[in-house]
Amino acid sequence: MLRLRALGRLSRGHVRLAGECLGVSERTVWRWLAQTETEPRMAARPGARPVDRFEIGAEVRVLLAYWRGTASAVHRQLVARARAATGGPVTEVPGGAPVEAVPVLDPVPSLSTFLRAVRRDLTAGERAALARGPEAARTHDVFGRRPRVWRNHTWEADHVQVPLLVDADGELVRPWVTWFIDVASKAITGTAVTPGHPSRASILAALRAAVLRTGPYGPADGVPEHVRVDRGRDFLSKTVLGAFGVLDTKVEDLPAYSPHLKGTVENLNRCADRMLFAVLPGYTLTPAPRRAKKKTESDEPPPLTFAEFTAEVLAWSRWWNTEHRPAGLAGRTPVEAWLADPTPLSDIPEAALWGLMLEDDDRTRKLTSHGVRWRGRDHVGAWMTGQAGRSVRIRHMPHHDHEIEVCDPAGHHLGTAQLADAATLEQLDALRRTRTARARRLREGAKKAEALRRQRFAPATTPTPAQRLGAVPAVEADQELTTAAHTDMAALALPDLIPPVPPPDDWNTPASLRPAPGEENL
């Protein structure tokens with residue numbers, strides 16, 4: 001072909017035929033022919049890469065990290081640095097790296113060559129990490145599968161905040177769902193919904209529903225051998241760990257920021273968001289205020305009440321267990337996979353379970369004529385009649401101050417005690433409104449103080465010194481300074497108004513404090 005080209009007899013048909021024989025396009029053959037004119041040695045190996053091609057070195061990788069993976073910005077700074085090194089005009093790159101950190105390349109590759117080298121020498125995970133951080137690189141990693149286990153061998157637990165608003169006693173809040181899922185059968189074993197931030201009580205309620213196999217909780221329940229949790233302090237609290245310890249369940253505390261290590265429950269969170277939460281009224285992808293007043297537009301459906309939302313979550317959990325067929329179960333539902341597993345189950349009686357879900361007060365108290373006192377409040381029960389003076393211990397559900405369980409020192413349950421003289425609903429509403437108004441006043445005062453402390457400056461379009469804003473009349477400034485002076489107790493103190501009386505003669509006064517001779521009568 002080179003000879004035909006030298007004789008001027010090379011036609012497009014020859015080039016097309018050569019491309020078909022070599023398995024490349026016609027355009028590639030023309031590029032190879034043009035390459036032989038500048039590099040005759042390439043005629044023996046058409047299409048071979050030059051040995052001295054540009055590669056991304058360590059210094060260029062540092063620049064890519066500085067520019068967060070923006071290769072075009074790195075190329076601009078490399079061009080400017082090479083131009084300055086050869087004595088050309090110096091062009092500063094806004095926001096660029098320090099000059100000493102920019103290598104001098106000779107020659108600087110073209111932008112297309114540089115971008116091609118970045119795609120070739122850096123993996124997709126490295127490029128994602130440079131652009132969006134180390135967490136983004138995980139989407140390009142390869143993870144192994146854990147060996148398949150039997151039912152109740154391993155559970156995974158997690159909290160998930162639901163991206164929708166529900167009506168909880170007149171306030172719009174974003175609820176949280178706490179659930180346990182069996183890794184082998186993918187069955188949801190326990191679920192608890194909390195209108196607000198979850199706590200130890202949420203985990204204990206979900207655990208109780210997961211362990212019981214009677215009534216609405218079964219059949220996919222029982223006592224697990226292992227439970228995987230993240231580093232949430234609720235899961236690692238003394239009460240929760242104590243409950244797992246009594247059940248003889250080993251808790252596996254996973255490293256922080258490692259959702260791939262509990263992929264079963266993380267996949268459950270994603271499925272619930274797409275299959276359930278996204279179709280409910282009040283769904284929102286933007287963060288909602290922690291406490292918002294109940295206010296809906298006329299053209300928008302009213303938000304669900306907390307009871308309605310809880311019913312939707314429990315119904316969806318039943319559908320997941322009995323009708324949904326996840327991948328990896330050979331076309332079976334989680335309950336079918338659970339029942340097909342012949343592994344024996346460990347159960348615990350419901351009567352013995354109540355004590356595991358409660359916190360122990362770790363103190364022995366006395367029953368008095370006013371009941372039992374706990375946290376500065378009296379709790380009474382009808383069963384206490386005639387038992388004043390008896391030693392008891394208290395067990396309680398976290399954050400449930402209205403009701404406690406009373407046991408004897410050996411741990412046997414005696415009865416339930418209710419808060420004595422509990423406030424009525426009207427009193428609680430009035431107290432809540434009063435506290436809300438007080439908090440609003442404090443917030444308004446804090447905003448005013450912050451506005452005074454905040455210093456504003458005038459915007460600039462040219463390099464000029466900063467100009468402060470916020471003029472105040474001199475009279476107003478004097479009034480505020482006078483008011484502050486009258487409220488400062490340290491400034492109002494007059495320590496020299498009444499001079500101290502000299503100490504009596506019989507006191508052992510240090511020599512430095514004794515009056516000089518002749519000053520006793522002054």
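**A quick tour: helices, salt bridges and a surface patch**

Helix H8 (residues 200–211) packs against helix H9 (residues 238–246) at an angle of about 20°, and their axes are 9 Å apart. That angle makes H8 roughly parallel to H9, and H8 passes H9 in a left-handed crossing. Keep in mind that this is a predicted model.

**Salt bridges**

- Side chains of opposite charge can pair when their charged atoms come close.
- The structure holds 11 salt bridges.
- One of them joins the side chains of Glu 252 and Arg 228, at 3.4 Å from N to O. This pair links distant parts of the chain, with Glu 252 in strand S7 (residues 250–253) and Arg 228 in strand S6 (residues 226–229), 24 residues apart.
- Glu 252 is partly exposed at 32% relative accessibility, while Arg 228 is buried at 7%.
- Next up is Asp 253, which pairs with Arg 231, their closest N and O atoms being 3.6 Å apart. Asp 253 sits in strand S7 and Arg 231 in the loop between S6 and H9, so the pair ties together parts 22 residues apart in sequence.
- Asp 253 is partly exposed, with a relative accessible area of 32%.
- Glu 266 and Lys 262 also meet through their side chains, at 2.6 Å from N to O, and both residues are buried.
- There's a network too: Glu 156, Arg 228 and Glu 252 are joined by salt bridges that share partners.

**Surface patch**

- Leu 494, Leu 497 and Ile 498 make up a nonpolar patch on the surface, with about 380 Å² of accessible area together.
- Ile 498 is in the segment after helix H16 (489–492), and Ile 498 counts as exposed because its relative accessible area is 68%, above the 50% cut-off.

Conventions. Residues numbered from 1 in each chain as written. Predicted model: local features only at pLDDT ≥ 70, side-chain atom pairs only at ≥ 80, totals over all residues. Heavy atoms only, no water. Patch = residues over 30% accessible without salt bridge, like charges linked within 9 Å, V, L, I, M, F, W, Y side chains within 5 Å. Areas by Shrake-Rupley, 256 points an atom, 1.4 Å probe, with all protein chains shown as cover. Salt bridge = Lys/Arg side-chain N within 4 Å of Asp/Glu carboxyl O. Helix = DSSP H or I, 4+ residues; strand = E, 2+ residues; numbered from the N terminus. Buried < 20%, exposed > 50% of the residue type's maximum accessible area, 1.4 Å probe, protein only. Axes fitted to C-alpha atoms, helices over the stretch in contact; angles between N-to-C directions. Parallel < 35°, antiparallel > 145°, perpendicular 65-115°, else oblique. Left-handed = near helix turned anticlockwise from the far one by under 90°.
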